[in-house]
Amino acid sequence: MEEQMKNRGLLIAGLLVAMLFAALDGTIVGTAMPRIVGELGGLGVMTWLTTAYMLSSTTVVPIAGKLADLLGRKSVYVTGLITFMVGSMLCGMAETMNQLIFFRALQGIGGGIMMPMAMIIIGDIFTGQQRAKWQGVFGAIYGLSSIVGPQIGGWIVDSLNWRWVFYINLPVGIIATILIFIALKSFKATGPVKIDIWGMFTMIAGVVSLLLGLTFGGKDYPWGSWQILSLFGSAIVFLTSFLVIESRVSEPILPLRLFQSKTFSLLSGIGFLMSVGMFGAIMFVPLFMQGVIGISASESGTVMIPMMLSMMLTSIFGGRLVHKLGLRTQMLIGMLTMSAGFWLLSGMSLDTMKLSAMCYMVVLGLGMGLVMPLITIALQESFPKSELGVVTSSSQFFRQIGGTFGMTILGAVMNVQSSGLLQTKLVPFLEKLPPQSHEMVQQMEGMIATNPQGLYSMMYSPETLAQIPAAIGDTLLPILKSSMVDSLHYVFLYGMLFVLIGAVLTFFLGKITISKPVKDEEDKEVAA
């Protein structure tokens, strides 16, 4: 431990580099998608480039945390880094879309190992107040990646080619691996190592089935179709088996006794609900900006920048603020601030200006920054270091699952509201169109019932709009825009509701004291 404290600056540098290049990967790859499809084809399976990574990374998070407690931080973290780099190299070498999807899943395994490890290690080497500050800094890395990632991705694609989007991970990853290998010493559990193989298998099968059902339900297949019902049925069987296994093995992946702790259950619930509202609602802001205000996709990204900057600001300063306000008070303030942001977003109309939307997003970002680092800090303060890995990764796992649920639930709200509004507003107009428009009318009426968001997509496509006669378009577009605005009103209100329920849960948290650093250690850190 003493040797590791000497190398703390080197270790933090390695952690920052590793987290930055892992966080950048998601936003950079999104920019390169059109070029990838142009060269490899496979437009119909393009979404699997994201889905494959999400499935593998989400599933492996709790496994990585438990293995870190059993096998040591260094061996698990370095394995994750190497897996991520190998996956990146193979992605750059892919010759078909199917190969690229498979290699993205491999890359996701590495990313899923890396994601919780930085927070676990911060918990190892710092005390409470220092954790708050540093976890705020590390959380801000994700905000920074969302700002600079698309620009970096665009530059790489334009200057080199899309394969370098993946190859760029190799030199950066090697630097991070060397720094972490030198500076990080293992915190290894004593005694024989028992790995819960059957727990891993049933958890992976259950979580993948659940995520696939949530991903495809209501879009690729109806919710009541045999495909979706089979996936949910499989998820129930495997996850039930997982719970039975976890209650019997000596070293479970997710110890069920953690849920006997009120602190763990409440904080996991707060993180889940916050993610349901946050990820689900934020996903629809660019939809509003492009469809209603009429700005380009790249311009709509700039609306998110103030939110990310405000989140980064409060993530960093929230670490210093928490010992003055108290953890529970700061968390409540943050959740209420997020709710206020959603309330403002729900009031957006056809006349809302870009600047107004950006201000609303700043309010949302301020609340997010106050809350997000606190969940991990509170858990790490409430459990011994021997369980720090599994507790930290389990919390992150529930937040990721919450984000997936949020996108699904609020996407369903969007579809239900849009179907009803379009049925009322658009169908009477379509019925008055001349017989020669019969084919277009049939197609639109079918989309109203099955895929109303598909109708909104024509507002983003100048090519599609050019094919619609002006006499029809002048009436059609205002109907689509007003229906979208009214539907988004409910989406943001539901997002606010989930966050408010999370805010209520904060009242039931006991007093959690953030430990203070030893004076001489704090002086050393300031000097460094």
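Contact here means that heavy atoms lie within 4.5 Å, and in that sense leucine 421, leaving out residues up to four places away in sequence, touches Leu426, Ser483, Asp486 and Ser487. The structure is a predicted model, and its chain is built from 21 helices and zero strands. Of the 528 residues in the chain, 54% are buried, while the chain exposes about 22,500 Å², of which carbon and sulfur atoms supply 68%.

**Confidence**

- The chain has a mean pLDDT of 81, with 86% of its residues reaching 70 or more.
- Among the elements of the chain, the highest mean pLDDT, 93, belongs to helix H10 (residues 226-246), and the lowest, 44, to helix H21 (residues 519-527).
- Across residues 518-528 the pLDDT is below 50, and this stretch has 10 contacts in the model beyond near neighbours in sequence.

- When contacts in the chain between residues at least 6 apart in sequence are considered, 83% of them join residues at least 24 apart.

- Leucine 364, when its neighbours within four places in sequence are left aside, is in contact with Ile282, Met307, Met338, Gly341, Phe342 and Leu345.

**A nonpolar patch on the surface**

- In soluble globular proteins, nonpolar side chains tend to be buried together.
- On the surface of this model, however, Leu10, Ile174, Ile178, Phe181 and Ile182 form a nonpolar patch, with about 450 Å² of accessible area together.
- Helix H8 (residues 169-183) supplies the largest share of the nonpolar patch, four residues, and phenylalanine 181 has its place in this helix.
- Phenylalanine 181 has a relative accessible area of 48%, and is therefore classed as partly exposed, since that class lies between the limits of under 20% for buried and over 50% for exposed.

Technical notes. Residues numbered from 1 in each chain as written. Predicted model: local features only at pLDDT ≥ 70, side-chain atom pairs only at ≥ 80, totals over all residues. Heavy atoms only, no water. Patch = residues over 30% accessible without salt bridge, like charges linked within 9 Å, V, L, I, M, F, W, Y side chains within 5 Å. Areas by Shrake-Rupley, 256 points an atom, 1.4 Å probe, with all protein chains shown as cover. Salt bridge = Lys/Arg side-chain N within 4 Å of Asp/Glu carboxyl O. Helix = DSSP H or I, 4+ residues; strand = E, 2+ residues; numbered from the N terminus. Buried < 20%, exposed > 50% of the residue type's maximum accessible area, 1.4 Å probe, protein only. pLDDT = per-residue confidence, 0-100.
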